[in-house]
Amino acid sequence: MIYRIIEILGNRHAGFILCLIVVINLAAGSLVMNMNPEIYPPFFPFDLKFFFQPTISVHWWLYLLLVTFSLFAINMVACFIESLVRIRTTTTGRLRLFIGIFIHAALILTMAAHIHDGFYGNSGQATLSPEPTRITGIGYVNALSVHSTHHPDGSLKDTEATLKIVRSDGQSIGKRIAYNEPATFDSGKREIIIQGGDKRPAGVVLIRKSDGKTFDMMPYQPQQMNNGRLTLKGVYQSQMGVLIAQFVWEKISEQPQLLTMALHNGMVRHNKINIANEVLGYKKMLEVPVVAVMTRYNPAIPIILLSLLVATIGTALQIHYARTQSK
Amino acid sequence: MSELESIIGFSITAATASLGVAILLSMFNRRGEATLSLVLFSCFSLVFFGIRAYLKDFFPFTDKVESFMTLSVLIALCGMIYRDKVSNKEFITLLLLALAAALTTFVFTDHIRYPTAYLRTIWYPIHVPFSFAAYAYWFLAGINAIFAIRTLRGNSGGIQDRPLITQLNRNGFIFFTLAMLFGGIWGYLAWGAYFMWDPKILWSVILWLYYGNLLHIDNLPHFRKWKIPLYTIGMILIMITFVGTGFFTRSIHKF
């Protein structure tokens, strides 16, 4: 009786028609997405939650796809079970049956992984700097360095960044990321993927003309000098495109003074400040790495890895079968 | 650099001309000479790809000129492999398709550009030729089907199995499955997702399901009569996947 039900559910003619319906459904979905660019962002990861927050009529193709794919999956699972039963009794054509079993198993696993990832996975964006940034599920991440290489025509070849990650259990690890080389965690379920990176001006190195002593000035980190203290308020870009640093000079007996300095070696009249009869000149910029990353959580990675293995075996068997057929 | 670019221009012109000559010779049943012409086509194409690889410091499958030329070469190669199994008319039609792909490269302004950072991985250059090899096999299956339409009309008692079509589809399916696996790995590493709602990726899934489904048709007596029409329609789906999504959609794979 059970075998009969499986036979009915796994009807191959029905499976063929269902697969064609899924194909038509996907094609319709592609057209709908292309015609509604204001609703569908270009190139977004597999996120089924997107289609339910909120449910709108333009997503009709996706809701229909869930139904048609489910029916197709039921048919395939039944067909798969029936093939497993049949392989025990069949003596001829076992290779073809095995190929079918492996390829269909891979497809079923992939569909299951898609559903799992689609509803429970997530993705986000973050900008990493030397200051720790909290990334859910991974921990606190700092960018320690960033380095870009370029082609002879100036176009970007690659960007690599070094990260320090402090996991939630307190473990500190170092990771290097680059294009096509993400940092992976928890058996590949979580990823930090680089999307770009550069160095950002963050502070200034000043040189005291009288003795040549240098001071590393970072925003709101005051330096004691000449019986007072100098604080960098920030680095800004002027309308002319020149970088300007703003400082506050404070001394107990005097009013605070706001001072500006052009951060350019060629601007000799404006790239210095006077405090307490001392001249402080601009030496160089202090830069910090800034790395734009995408974070991904895909709980279905173990399923998809299994699917990859099964598909590889199925394809290897198929290559073997194709070779025997072509002889 | 400009000298090498001139050699590229010459090699692509010479390759296309050789392909055209091979078609003409095949039309007059001059098989030996046609084969020689196709060998010349392959040699000029190798020069084209070799110099581009040298200039780009990477595999030469990263722009539309290279894509169309790769498709052209693989279609011609597929024709050479199956020459004894298909009719001369089918062979010529396939070569005409290869010529169309080669001629398309002249439509575009060819700038040698370095590949973007995302393309610089081993998974990309093996993903592209594998999918184009699948297209080549499926195109030949489609051409075989088109030439079978006549027999379909004349034969009311049932359609012949045409095992070659299934064999070609199986080969194409193997290549496309591998292309999808490699593409999926690349997607995971580059964007954190092996599937995205991108037209090209979506249509690749459509193609894989469609041709995978067609592999079953020989075992489905009720649907066997649809084999020829469905393989013919398959060619349109390939064109949509390769050209349609590449030029007329918002795909990241847009040329």
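Two residues are taken to be in contact if their C-beta atoms, placed from the backbone, lie within 7 Å. The model described here is predicted, so local features need pLDDT of at least 70 and side-chain atom pairs count only at pLDDT 80 or more, while totals for chains, interfaces and linings use all residues. Residues are numbered from 1 along each chain as its sequence is written, and chains are lettered from A and ligands numbered from 1 in the order in which they are written.

Chain A brings 45 residues to the contact and chain B brings 38 residues. On the side of chain B that touches chain A, at least two residues each come from helix H6 (163-191) and helix H7 (199-214); helices (H or I, at least four residues) and strands (E, at least two) are DSSP runs, numbered from the N terminus. H6(B) gives the most to this side, with 10 residues. By residue type, the side of chain B that touches chain A comprises 24 nonpolar, 10 polar and four charged residues. In this count Ala, Val, Leu, Ile, Met, Phe, Trp, Tyr, Cys and Pro are nonpolar, Asp, Glu, Lys and Arg are charged, and the others, Gly among them, are polar.

Chain B opens its helices with H1 (residues 2-27), which has 26 residues. From its first C-alpha to its last, H1(B) reaches 38 Å, close to the 38 Å expected at 1.5 Å a residue, where the expected span is 1.5 Å times one less than the number of residues. Among the buried residues of H1(B) are Ile8(B), Ile12(B), Ala15(B), Leu19(B) and Ile23(B); a residue is buried if 20 or more other C-beta atoms lie within 10 Å of its own, exposed if 12 or fewer, and partly exposed in between, with C-beta atoms placed from the backbone. The buried residues of H1(B) pack against helix H2 (31-56), helix H3 (64-81) and helix H4 (88-104) of chain B. Just after H1(B), Asn29(B) takes a positive phi of about 60°.

Chain A is split by the domain assignment into domain 1 (2-122 + 300-326), domain 2 (124-199 + 290-297) and domain 3 (202-286), with bounds that come from an automatic or database domain assignment. Taken over C-alpha atoms, the centres of domain 1 and domain 3 of chain A are separated by 64 Å.

One open sheet of chain A has four strands in the order S2-S3-S4-S5, with antiparallel pairing; two strands pair if DSSP finds at least two bridges between them. Its edge strands are S2 and S5 (172-178), each pairing on one side only. Strand S2 (residues 133-135) and strand S3 (residues 139-150) of chain A are joined by three bridges, and Ile135(A) stands opposite Gly139(A). Three residues lie between the strands of this hairpin, and Gly137(A) takes a positive phi near 85° there. S3(A) pairs with strand S4 (residues 156-166) over 10 bridges, again in the antiparallel sense. Along this pairing, Val146(A) stands opposite Ala161(A) and Ser148(A) opposite Thr159(A). The hairpin of S3(A) and S4(A) has five residues between the strands, with Gly154(A) at a positive phi near 95°.

Another open sheet of chain A has four strands in the order S9-S10-S11-S12, with antiparallel pairing. Here the edge strands are S9 (223-225) and S12. Strand S10 (residues 228-237) and strand S11 (residues 243-250) of chain A share eight bridges, and Thr231(A) in this pairing faces Val248(A) in S11(A).

Leu230(A) lies in strand S10 of chain A. This residue is buried because 22 other C-beta atoms lie within 10 Å. Not counting residues up to four places away in sequence, Leu230(A) touches Pro222(A), Gln223(A), Met225(A), Phe247(A), Trp249(A) and Ile275(A). Leu230(A) and Glu250(A) are 20 residues apart along the chain, with 6.5 Å between their C-alpha atoms.

Asn271(A) sits in the loop between strand S12 (257-262) and strand S13 (272-275) of chain A. Asn271(A) is partly exposed because 17 other C-beta atoms lie within 10 Å. Leaving aside neighbours within four places in sequence, the contacts of Asn271(A) include Met261(A), His264(A), Gly281(A) and Tyr282(A). Asn271(A) and Gly197(A) are 74 residues apart in sequence, and their C-alpha atoms are 28 Å apart in space.
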